[in-house]
Each structure stands twice: as structure tokens, then as C-alpha cells.
Amino acid sequence: DLRTALADYDRALERASESEKPQIYDRRGLAWQATAEPNLALADFERAIALNPGYDEPFLHRAVLQSQANESAAALVGLVKCLELNPRNCQAHLLRGAILEEAGDMTAAILIYSRVIKLDSRSAAAFNRRGAAYILLGQYRLAISVLDTAIRVLPMSSVLRTTRTPTTRP
């Protein structure tokens, strides 16, 4: 139960060293987010960042909230910081690509999804998003190629198969 988890985080913060607190605030922020309390989640992510501005995860988690609140510009700023701290953070790259895709910048989104695939050649989400972006550009052959390659790499991925199914145009 999330309320019990939140109480556990409160107790952990009482006993934690200063170096442990950023991770605890970040995790508690995720719990607040799961209870549909974005303002409390945001406050905890901000605390984590203030205590350890070199910790990448709270920047990503804050960006997720900002993206959900249609604050794309702020989310992108946080994602850039997250990626400066950890260039291999695939989730941050994926969210950045999704925000750019939503803004209509398919070319930039495709480049980002390609970068994720280089970082993690088994990322179904990156293959799926890249294929979907090609579909939105009307580049069906490229979309089919990307999705078919992904299905060969990840044959059990129902998400990839679902995206691939309607891509029947030549």
C-alpha cells in the first residue's frame, strides 16, 4: 500500500544521512506520483535536486511530471540536465524524443530513438517510437523495416507487433 510506503519513507528520512536523503526524496516523490499527488511529488523531486544536483534521476522524474502537465519546455530543460549527468539514461532520451515527436519534430525524435537503440539494442520502446515516427512522416517502408528488425530482435514484443500491423501501405 502506497500510504504505508510513504510513512516508511518519512521514517527513513528521519534516520538517513545527508548523502542518502536525495535518493529517499526521489523515491518518495515517485510514491506521491503514484498516489496522484503531483505537487507533493514535485516538491520531493525538487528537494532531491537541491540536496544533490549531480543525481540524474530526480531531473527525469520531474520532467515526467512537467510533460504530463503540458510544460514541455521545462521538461526538456530538465531532460538536458539529466542527460548531461548521465548520457546513457535511456528513459530520459525516450521522454525527450516523445516530447519532440509531440511537438511535430519527427526528424529530431527519430535521431533520439536511434541513439537509444545504440545504447540499448533491445529497447522495444525505442524501436516502436522510431517506427511510429516514420509512420507519421508517411515513410512506411522505413517504418516496416525498423519494426521488422525490432520484431526479429524482440520476437515476443506485442507492442512492436501492434504498431507493425496497421503499417500495410507500400
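This section describes the first helix, the cysteines and one aspartate of a predicted model. Residues are numbered from 1 along each chain as its sequence is written. Because the model is predicted, local features need pLDDT of at least 70 and side-chain atom pairs count only at pLDDT 80 or more, whereas totals for chains, interfaces and linings use all residues, and side-chain values use heavy atoms, with hydrogens and water left out.

Helix 1 covers residues 2-15, helices being DSSP runs of H or I with at least four residues, numbered from the N terminus. Its 14 residues should span 20 Å at 1.5 Å a residue, the expected span being 1.5 Å times one less than the number of residues, and the end C-alpha atoms are 20 Å apart, in agreement with this value. At the start of helix 1, a side-chain oxygen of D1 comes within 2.9 Å of the backbone nitrogen of R3.

With a disulfide taken as a pair of cysteine sulfur atoms within 2.5 Å, the count comes to zero. The sulfur of C82 has its closest cysteine sulfur in C90, 11 Å away, which is too far for a bond; C90 is likewise in no disulfide. C82 is buried at a relative accessible area of 0%, and C90 is buried at 19%, where buried means under 20% relative accessible area (1.4 Å probe, protein chains only), exposed over 50%, and partly exposed in between.

D26 lies in helix 2, residues 21-34, and is buried, with a relative accessible area of 0%. Leaving aside neighbours within four places in sequence, D26 is in contact (heavy atoms within 4.5 Å) with F45, A48, Y55, E57, P58 and H61.

Notes:
Helices (H or I, at least four residues) and strands (E, at least two) are DSSP runs, numbered from the N terminus. A polar contact is a pair of N or O atoms within 3.5 Å; within protein, one must be able to donate a hydrogen and the other to accept it, and residues adjacent in sequence count only if both atoms are side-chain atoms.
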